[in-house]
Amino acid sequence: MNTKFKSGERVGVLIEAASVTLLDYKAPKGSVSVGAFVQVPLRNRQVIGVVWGAGVSEFEEGKLRTITKVLQVPILDQNYLNFIEKMAEYTITPLSATFFRLTRIPEIDEAKKSVKFCEASGLEPDRLTPKRQAVFRILGQRRRVKVAELLAEANVSYAVIQRLVKQGYLTIKLQEIQDKPQQLNLKNPGTKLNSEQKNAVSQITQVLDKPEYAAILLKGVPGAGKTEVYLEAIAQVLKEGKQVLVLLPEIALTNQILNRFEERFKTRPFEWHSAVSKAVKRRIWRMTAEGNSQLVVGARSALFLPFANLGLIIIDEEHDSSFKQDSGIIYHGRDMAVLRASMCQAKVLLVSATPSLETLTNARNGKYHRVDLMSRFGGSQLPEIIPIDMRGQKKVSGKWLSGALVTEIAQRLEREEQSLLFLNRRGYAPLTTCSECGHQLGCHDCDTNLVEHRFIGEMICHQCGLKSQKPNECPVCHAKESFVPVGPGVERLAEEVSETFSEAKLEVISSDLIKSTSQLMETLDRISRGAVDIVIGTQIVAKGHHFPKITLVGVLDADVGLHGGDFRASEKTFQIIRQVAGRAGRAELPGIALLQTWQPDNPVIQAIISNDDEKFLDTESMEREVAGCPPFGQYIAIILSGKNGEKVEEYATNLLKMSQLLEDNQITLFGPAPAPIFRIQGRLRYRFLLQADRSMKVQRTIRHWLSSVKQPTNVRLSVDVDPVWFM
């Protein structure tokens with residue numbers, strides 16, 4: 001039960017202003033609860049705020065202003081407010097920014113939607129025009145009619161209705177629409193499970209039956225039927241009258257999962273992601289806070305819905321980097337989901353075929369329960385993974401497919417089976433250079449190359465989104481028509497495949513070419529039905545899709561992700577190749593995966609080929625532990641950026657002078673140094689990287705350090721706790 005404050009008592013209100021935490025006001029007449037949305041005076045305007053607790057300032061009592069209005073919005077639960085506070089503390093972000101940027105729904109202060117109904121007053125005008133006759137005929141058949149329906153059925157304007165109301169012949173009444181709770185069918189049996197799935201459900205059920213918070217890792221090979229297992233967990237929690245949230249890394253997965261849920265529960269769950277309208281979001285937000293939404297499926301932002309009785313959070317594909325929000329309020333959706341579950345005594349189920357090392361370490365240390373699915377559902381077998389050593393291949397200019405891969409694709413076409421070619425590079429070519437002088441086409445505002453997208457006829461910067469046309473003349477040496485592509489992207493690969501297999505039906509899946517969710521759903525459906533012979537795609541094709549007719553996966557440049565300074569490079573390469581290889585042979589027909597690699601003896605490639613997850617993870621864990629890298633140590637990245645490089649560098653230098661504050665608290669500081677991508681959108685970027693032991697709580701020290709130096713108004717500072725990217 002949230003604390004209540006009587007009229008005139010001092011309360012602390014959180015408003016959307018980064019410079020303050022709470023402002024004190026007097027409670028209005030009657031009372032007001034912690035968690036209530038209110039309207040308060042601020043200088044000469046009215047703003048929206050949330051009652052956060054008792055007043056905290058020493059502001060003179062007689063000068064306190066009174067809350068103007070308590071809004072007709074569900075009151076936020078105290079656990080929810082505590083979660084937001086903890087998150088702000090952990091991410092080193094102002095509380096007001098954390099709350100309002102992550103939780104605020106547009107027009108949240110609007111009253112519930114009302115509908116206008118029209119009724120006859122009992123009086124009837126002496127003179128009835130044809131239009132009036134139509135109105136009264138309809139009202140004679142039904143006592144009350146929605147105004148919108150009356151206008152349509154009678155084919156009259158609203159002015160006709162208004163005149164009849166003014167003359168006393170009709171009355172119009174507003175009726176508030178009541179949200180109907182979700183009606184999920186919890187008695188409907190799910191898919192018949194195999195013995196291994198039943199055992200997994202039994203293990204998970206034992207954890208769900210306990211009242212306290214718990215985290216569970218469900219690790220299963222691709223195609224093991226993990227979704228069917230966690231559907232059973234969902235059903236159990238829903239039967240207890242609690243709410244369930246399912247988080248997905250990509251909107252691309254939403255429709256497939258929603259269809260599975262609808263088939264099981266005979267009602268479609270609520271969706272929450274960027275493509276959902278504001279009106280629908282307002283309705284879901286309110287119903288969630290009132291406990292009337294039982295099951296919500298969404299992107300990471302769904303984590304901030306105000307659940308009244310949250311019982312279970314499921315994080316599907318928990319390893320996926322899309323759960324990381326890398327702008328604005330920077331946080332990891334997986335980690336914050338675990339935090340939220342722990343604070344409201346809910347359960348959290350992390351699901352993946354290739355779990356993150358962070359999650360696996362927690363399972364190995366006993367913090368998480370672990371449940372394994374070692375074999376595929378329905379009798380299908382895991383694909384054999386075969387390396388193709390590109391060092392021994394005869395290189396043909398402009399060709400990227402090895403002879404062995406071409407042969408396997410041809411065999412699939414003969415057998416009317418499907419092939420999937422994976423290349424994690426968007427566009428036609430990653431680099432465009434002048435053949436005369438070597439000049440590379442780059443972005444005007446970023447220190448990155450422009451990527452040619454030949455299918456749409458544009459050069460695009462993948463950092464800032466700048467679009468331009470490929471010049472006919474080199475700006476350096478002025479050679480005409482001298483620009484040539486270097487290296488392959490999926491479009492260039494599609495060009496080669498089309499030339500090699502001219503009769504085959506191709507489909508290229510890339511975020512640049514898929515313009516809408518509906519287009520993506522249609523494309524995935526065509527592939528599933530077998531209407532496509534060869535699929536070519538970036539990492540979007542590796543994310544949990546079930547294509548029953550794909551029996552061959554070809555991975556080009558399998559070892560390209562192993563290069564660079566990212567300490568997670570091996571893990572990311574292992575995850576994505578294992579995931580995409582898992583698209584092969586998921587039904588009756590066996591499948592294989594061919595990896596084109598220049599480093600077949602690399603330990604990561606060898607681990608992928610041998611399907612020896614545990615050996616790879618043991619090796620990776622040892623190397624990380626020795627280096628003090630996550631999950632055994634912790635990193636915090638501080639990025640300073642601005643248009644004026646001298647100002648940014650000066651601010652960085654001043655912070656460095658105060659670094660004794662960090663060293664005294666056993667925090668190692670690296671930098672400042674120019675970020676690997678020094679310029680993005682015209683802003684110059686310097687980076688600090690802080691390292692500390694995992695057991696240390698460093699946030700308070702870092703806040704103190706950052707506050708010790710005044711931040712220039714024209715310099716932006718962002719804090720990334722547990723960074724995923726280091727660019």
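Guide: Gladly. Let us begin with the aromatic rings: a search of the whole structure finds 13 aromatic pairs. Rings of Phe, Tyr and Trp (its six-membered ring) pair if their centres lie within 6.5 Å; planes under 30 degrees apart count as stacked, over 60 as edge-to-face and the rest as tilted.

Visitor: What kind of model am I looking at?

Guide: This is a predicted model, where local features need pLDDT of at least 70 and side-chain atom pairs count only at pLDDT 80 or more, while totals for chains, interfaces and linings use all residues. Residues are numbered from 1 along each chain as its sequence is written, and side-chain values use heavy atoms, with hydrogens and water left out.

Visitor: How is a pair of aromatic rings described?

Guide: A pair of aromatic rings is described by the distance of the centres and the angle of the planes. Take Phe-567 and Phe-726: their ring centres are 5.6 Å apart and their planes are at 70°, so this pair is edge-to-face. The two sit in distant parts of the chain, 159 residues apart, with Phe-567 in the loop between β29 (550-555) and α15 (569-581) and Phe-726 in the segment after β34. Helices (H or I, at least four residues) and strands (E, at least two) are DSSP runs, numbered from the N terminus. Both Phe-567 and Phe-726 are buried. Buried means under 20% relative accessible area, exposed over 50%, and partly exposed in between (1.4 Å probe, protein chains only).

Visitor: Are the rings of Phe-574 and Phe-616 stacked or edge-to-face?

Guide: Stacked, because their centres are 4.3 Å apart and their planes are at 15°. Phe-574 belongs to helix α15 and Phe-616 to helix α17 (residues 613-627), so the pair ties together parts that are 42 residues apart in sequence. Phe-574 is buried at 3% relative accessible area, and Phe-616 counts as buried at 7%. Elsewhere, ring pairs link Phe-37, Trp-52, Phe-99, Phe-100 and Trp-285 into a cluster.

Visitor: Now to helices. How far does α17 reach from its first C-alpha to its last?

Guide: The expected span of a helix is 1.5 Å times one less than its number of residues. Helix α17 has 15 residues and reaches 21 Å, close to the 21 Å expected. Its buried residues are Asp-613, Phe-616, Leu-617, Glu-620, Ser-621 and Arg-624.

Visitor: What do the buried residues of α17 pack against?

Guide: They pack against β11 (214-220), α11 (357-364), α15 and α16 (603-610). Contact here means heavy atoms within 4.5 Å. Just after α17, Gly-628 takes a positive phi of about 75°.

Visitor: Which residues of α1 are buried?

Guide: Those of α1 are Tyr-80, Leu-81, Phe-83, Ile-84, Met-87, Ala-88 and Thr-91. Their arc around the axis is only 155°, which puts them on the same side of α1. The N-terminal end of α1 is capped by Asp-77, with a side-chain oxygen 2.8 Å from the backbone nitrogen of Asn-79.

Visitor: Where is His-319, and what does its side chain contact?

Guide: His-319 is in the loop between β15 (310-316) and β16 (324-325), and counts as buried at 13% relative accessibility. Its side chain makes a polar contact with the side chain of Ser-352 (2.7 Å). A polar contact is a pair of N or O atoms within 3.5 Å; within protein, one must be able to donate a hydrogen and the other to accept it, and residues adjacent in sequence count only if both atoms are side-chain atoms.

Technical notes: Arc of directions from axis to C-beta.
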